[in-house]
Each structure stands twice: as structure tokens, then as C-alpha cells.
Amino acid sequence: MCGRYASTRPKQELLEEFEVELDGAADEELGADYNVAPTKPVYAVLSRVPKAGPGGRAVRQLRVVRWGLVPAWAKDPSIGSKMINARVETVAEKPSFRKAFAERRCLLPADGYYEWAVLENGGTAGKPKKQPYFIRPADGGVMAMAGIYEFWRDRGRAEDDPLAWLVSCAVITTSAQDELGAIHDRMPMLIERERWAEWLDPGVPEAGEFLVPAVAAGLTAYPVSSAVNSVRNNAPQLMEPLPEEELKGQALF
């Protein structure tokens with residue numbers, strides 16, 4: 001699964017990096033977040049036809065959404081905390097995800113993501129010790145995680161009330177291969193730059209060709225401090241490699 005990631009780039013940099021045409025988060029600017037956790041607000045890149053737009057054309061936008069997908073049929077938004085990931089093997093079939101996958105795909109910008117490897121030594125019976133890793137592009141570039149998003153309406157409010165609507169998202173995960181699979185068997189599905197437009201296009205209902213296992217090429221992974229385990233911790237140091245002296249005696253995998 002993908003349960004934590006880092007997203008520290010300023011909004012202006014993301015607007016340029018993803019060639020965004022419309023800043024749908026004009027009144028919101030998220031600060032650098034080194035420990036993004038479920039239910040937090042995050043940036044999402046998506047393509048939609050603006051309510052007042054030229055010729056009904058889908059426009060690439062940057063929006064602020066909440067991590068943890070809330071289906072339109074949900075009674076309340078609390079279900080979102082349990083729907084942070086959508087498995088690539090079933091996202092096109094599950095009732096909670098299939099409509100969003102067909103019509104509302106997005107990209108979730110990240111510096112990288114955290115994953116926890118089970119250590120061969122340490123821990124207690126039934127609760128093995130885990131070592132967090134940070135996995136990021138080796139060239140320091142932006143990571144575009146595949147996502148889906150959904151609109152949920154609070155029926156207790158008028159439809160035209162902006163506070164009546166919640167936009168939420170889920171990260172699509174796939175099987176991890178090679179050395180990344182040794183850390184954890186799942187990872188976010190990543191979309192290459194040359195395929196961003198096709199992935200985001202709401203006029204492309206069938207995106208099955210994207211649903212393939214990931215490759216580790218271009219990514220680097222290294223152990224980081226267990227301070228990332230707590231969502232209360234949020235600082236650049238969480239992304240820094242763990243000093244070698246702190247790794248001595250640990251069988252990582």
C-alpha cells in the first residue's frame with residue numbers, strides 16, 4: 001500500500017511542471033509536507049471542463065483535494081480514511097472506484113513515498129520490527145502518482161453551497177518489482193510524463209493499458225528515521241538517509 005508520502009514543491013513550481021492551464025486552487029496554497037498522511041489536503045492535477053470555459057474543452061487544472069476517496073453514495077465522509085488506495089488489479093471493477101477510474105483520473109505530485117520493510121531481527125512475537133524507507137526518483141524529479149478522484153455532497157446543505165462539496169482522491173497501487181519488492185510488495189502506480197495527457201483525458205474511458213506492474217528503473221530507496229512513523233512529525237529530516245551507524249546490526253531484508 002501507499003500510506004505516506006512527501007509533497008514539498010511550491011504550487012507555482014507544480015503549475016509549471018505539469019503545464020497547468022487553470023489554477024483551481026487559487027485561494028489555497030499548501031505548505032511543504034514531508035509526511036503526508038490520509039485525510040490531509042493534497043494537490044491533484046486533473047482535466048475537467050470548467051463551468052465557464054471555452055467551447056466545452058477539458059482543461060488541465062491543479063486542485064486541492066482530500067486524500068481518502070469518499071464515494072458519491074457514502075452516507076458521510078468518514079469512509080475516506082479507509083479508501084486511501086485503489087488496487088490496480090481491481091480499480092476498474094470495484095463499485096467504489098470504477099466510475100472514478102473511467103471518468104476522473106488524476107496525478108498526485110510527490111517528491112517520493114515512504115514504505116516499511118519488515119526486519120529479519122528485532123521486534124516481538126506477532127509484532128515484527130519495521131524499518132521505514134523513502135523511495136524517490138533518482139534524478140530528484142517530481143513523481144506523478146496515478147490517482148482517481150470523486151465528488152461527495154453533504155445532503156444537509158444546498159447544492160449550490162460550496163461547503164456542500166468534498167473532493168477526495170485515492171492513490172492507485174500496483175505490485176512492486178525488483179529491489180522495491182524486497183521492501184514491500186506494493187507501490188504507487190507512476191505515470192510517465194509522455195503519458196500524462198492520455199491518463200488525464202476524461203474522454204479516454206478505457207485506461208486498461210496503464211494497468212501493468214511497475215518497474216523500479218529510475219527510482220532510488222534508502223532507510224530513513226523511524227520519526228516518520230508519527231504523523232505529528234513533519235520536517236525535511238524525515239526524507240534524509242539514516243546514518244550508517246544507526247543501521248549496524250540490522251538485517252534489512
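In this tour a residue is called buried when its relative accessible area is under 20%, exposed when that area is over 50%, and partly exposed in between, as computed with a 1.4 Å probe on protein chains only. What you see is a predicted model, in which local features need pLDDT of at least 70 and side-chain atom pairs count only at pLDDT 80 or more, while totals for chains, interfaces and linings use all residues. Residues are numbered from 1 along each chain as its sequence is written, and side-chain values use heavy atoms, with hydrogens and water left out.

**Stop one: salt bridges**

Helices (H or I, at least four residues) and strands (E, at least two) are DSSP runs, numbered from the N terminus. A salt bridge here is a side-chain nitrogen of Lys or Arg within 4 Å of a carboxyl oxygen of Asp or Glu, and a search of the whole structure finds 13 of them.

Begin by selecting Arg9 and Asp111, whose side chains meet in a salt bridge with an N to O distance of 3.0 Å. Arg9 lies in the loop between β1 (4-7) and α1 (11-17) and Asp111 in the loop between β7 (105-110) and β8 (112-124), so the pair ties together parts that are 102 residues apart in sequence. Arg9 is buried at a relative accessible area of 16%, and Asp111 is buried at 12%.

Next, select Arg57 and Glu21, where the side chains form a salt bridge at 3.1 Å, N to O. Because Arg57 lies in the loop between β4 (41-48) and β5 (59-67) and Glu21 in the loop between α1 and β2 (22-23), this pair ties together parts that are 36 residues apart in sequence. Arg57 is partly exposed, with a relative accessible area of 44%, and Glu21 is partly exposed as well, with 47%.

Then move to Lys99 and Glu103, a salt bridge whose closest N and O atoms are 3.1 Å apart. Both residues lie in helix α2 (residues 98-103), four residues apart, which is about one turn of the helix.

**Stop two: around Asp111**

Return to Asp111 and look at what surrounds this residue. Its side chain reaches the backbone nitrogen of Thr8 at 2.7 Å, a polar contact (a pair of N or O atoms within 3.5 Å; within protein, one must be able to donate a hydrogen and the other to accept it, and residues adjacent in sequence count only if both atoms are side-chain atoms). Contact, in the plain sense, means heavy atoms within 4.5 Å. Leaving aside neighbours within four places in sequence, Asp111 is in contact with residues including Ala6, Ser7, Phe134, Arg136 and Met239.

**Stop three: the nonpolar cores**

A nonpolar core is a set of buried Ala, Val, Leu, Ile, Met, Phe, Trp, Tyr and Cys residues joined through side-chain atoms within 4.5 Å. Which residues have the most contacts inside the largest core? They are Phe18, Leu107, Ile148, Ile172 and Trp199, in a core of 29 residues. To this core α1, β4, β5, α2, β10 (143-153), β11 (165-175) and α4 (196-200) each supply at least two residues. Apart from it lies another core, of 27 residues, among them Trp67, Ala117, Ile135 and Leu180.

If you centre the view on Ile172, you will find contacts with, among them, Ala86, Val88, Phe101, Met187 and Trp199, leaving aside neighbours within four places in sequence.

**Stop four: Val228**

Select Val228 in the segment after β13 (219-223), where this residue counts as buried at 0% relative accessibility. The C-alpha atoms of Val228 and Leu238, which are 10 residues apart along the chain, are separated by 5.9 Å. Beyond its neighbours within four places in sequence, Val228 is in contact with Arg4, Asn35, Tyr114, Trp116, Pro132 and Leu238.

**Stop five: two backbone angles**

Finally, select Glu19, which has a positive phi of about 50° although it is not a glycine. Glu19 is placed in the loop between α1 and β2 and is exposed, with a relative accessible area of 61%. Thr39 has a positive phi of about 80°, again without being a glycine; Thr39 lies in the loop between β3 (33-36) and β4 and counts as partly exposed at 40% relative accessibility.
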